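Reader: I am new to this structure. Please show it to me, and then let us go through it in questions and answers.

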Amino acid sequence: MKILVTGGLGFIGSHTVVELQEQGYEVVIVDDLSNASISVLEGIEGITGIRPEFVQLDLRDKQGVFSFFQTNQDIDGVIHFAASKAVGESMQRPLMYYENNIVPLLNLLKELEKKEKAHFIFSSSCTVYGQAEVMPITEEAPIQVALSPYGNTKQIGEEIITDVTRVSSIDAILLRYFNPIGAHKSALIGELPIGVPQNLIPFITQTAIGVRKELSVFGEDYNTPDGTCIRDYIHVVDLAKAHVAALDRLVKGENIEKVETFNVGTGKGSSVMEIINAFEKVSGVKLHYKIVDRREGDITEAYACTRKANQVLGWKAELSLEVALDSAWKWEQKVRKH
Ligand code: UD1
């Protein structure tokens, strides 16, 4: 089985390539290198012993996507990661986000609908739920008006896929990720944020190593036990394995519907202060941090109900928060040595 992984040199993409290869899938990576380094190929090869095929391509290029599928007619499925993902940036540059996150999706689906059978896995986000009223969040929770163009592209992406699967041979699974963190245990691949990290864990590891002076904790007056926001942090390797489970389901034809949706989280919520404490414990480093005002657009809490993924996909997050934080810290130390 040959699988196209778009954005396969990125954070979640590269970890998924490793898990796919370890399960015997042949992988072709397409990446435009706009937010990833070609050196990730070496990291993947270092772990699995297999250098995946790589094609540098901007998926907004309709003709380029057409040509790619002409020369790669044996592709059985696509896991589509390639997208822009910075919420703040999407507020500043909405058109860029709609173009980067929607046009490639259309170009891929146009090629896939020509096939007799195609499997498609889409990177969605728990951001589609907004501030859900009930915790843990089930897949039935209502979709709320998106707070950012980034979030909107995930909602629109889900709708486009749902419409297309209805009238084509494409079967799809939408995976709604909670907060992916950590790195492969080999420390050969991990997250490589460009510039100042917007996400909590890279900011913590960069502060611990001395690249950032101190961490700002965005608000301690939320309606949570310690006043800081609660999220469901999932190890990226567990998340990668969820993609393989989803793909296996489509490949074996076990899916009941043309498009199915799963939350991918641990089911456990952790507050920002709990993360800081856990990080200090696993790293032995005292973190400099200060409490500042809330960040605009942040929700109070989000954690997943994982029952559907557990029962239907037969997948469960296995790695602890401590293991995830330890791997993120080891990765940061490794990156700074170079
Ligand atoms: C963000 C996005 C989400 C996206 C996800 C990808 C927003 C509003 N949401 O989720 O759509 O899918 O990233 O990973 O941006 N925090 C601090 N100090 C920091 C950074 C973060 O206190 O320097 C806090 C935040 O207030 C939040 C938690 O840490 O409570 C997690 O933040 P972050 O890692 O940015 O993820 P989300 O905001 O949950």
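Reader: Where is Ala187 placed in the chain?

Author: This is a predicted model, in which local features need pLDDT of at least 70, side-chain atom pairs count only at pLDDT 80 or more, and totals for chains, interfaces and linings use all residues. Residues are numbered from 1 along each chain as its sequence is written, and side-chain values use heavy atoms, with hydrogens and water left out. Helices (H or I, at least four residues) and strands (E, at least two) are DSSP runs, numbered from the N terminus. Ala187 is placed in the loop between strand 7 and helix 7.

Reader: Is Ala187 buried or exposed?

Author: Buried means under 20% relative accessible area, exposed over 50%, and partly exposed in between (1.4 Å probe, protein chains only). Ala187 has 12% relative accessibility, so the residue counts as buried.

Reader: What is the phi of Ala187?

Author: Most residues other than glycine have a negative phi. Ala187 is a residue other than glycine, yet its phi is positive. The value is near 60°.

Reader: What is the relative accessibility of Leu33?

Author: Leu33 is placed in the loop between strand 2 (26-31) and helix 2. Leu33 also has a positive phi, about 65°, although it is not a glycine. Leu33 counts as partly exposed because its relative accessibility is 25%.

Reader: Which backbone nitrogen does the side chain of Thr48 reach?

Author: Thr48 has its place in helix 2 (residues 40-48). A polar contact is a pair of N or O atoms within 3.5 Å; within protein, one must be able to donate a hydrogen and the other to accept it, and residues adjacent in sequence count only if both atoms are side-chain atoms. At 3.1 Å, the side chain of Thr48 reaches the backbone nitrogen of Ile50.

Reader: Which residues come nearest to the ligand?

Author: A residue is near a molecule if one of its heavy atoms lies within 4 Å of it. There are 19 residues around the ligand. The nearest are Leu200, Ser216, Arg231, Arg295 and Asp298.

Reader: How far is an oxygen atom of the ligand from an N or O atom in the side chain of Arg231?

Author: Leu200 has a backbone N or O atom 2.8 Å from a ligand oxygen. For the side chain of Arg295, the distance to a ligand oxygen is 2.8 Å. For the side chain of Arg231, the distance is 2.6 Å.

Reader: How much of the ligand does the protein bury?

Author: Areas come from the Shrake-Rupley method with a 1.4 Å probe; for residues, only the protein chains shown count as cover. Taken alone, the ligand exposes 740 Å². The protein buries 86% of that.

Reader: How far does helix 11 reach from its first C-alpha to its last?

Author: Helix 11 (residues 321-337) has 17 residues. The expected span of a helix is 1.5 Å times one less than its number of residues. For helix 11 the expected value is 24 Å, and the reach is close to that, at 25 Å.

Reader: Which side chain forms a polar contact with that of Ser327?

Author: Ser327 lies in helix 11. At 9% relative accessibility, the residue counts as buried. Contact means heavy atoms within 4.5 Å, and residues up to four places away in sequence are not counted here; Ser327 touches Gly182, Ala183 and His235. The polar contact, of 3.5 Å, is with the side chain of His235.

Reader: Which residue follows helix 9?

Author: Helix 9 has 12 residues. Among its buried residues are Val272, Ile276 and Phe279. The buried residues of helix 9 pack against several elements, including helix 7, strand 8 and helix 11. With a positive phi near 75°, the residue that follows helix 9 is Gly284.
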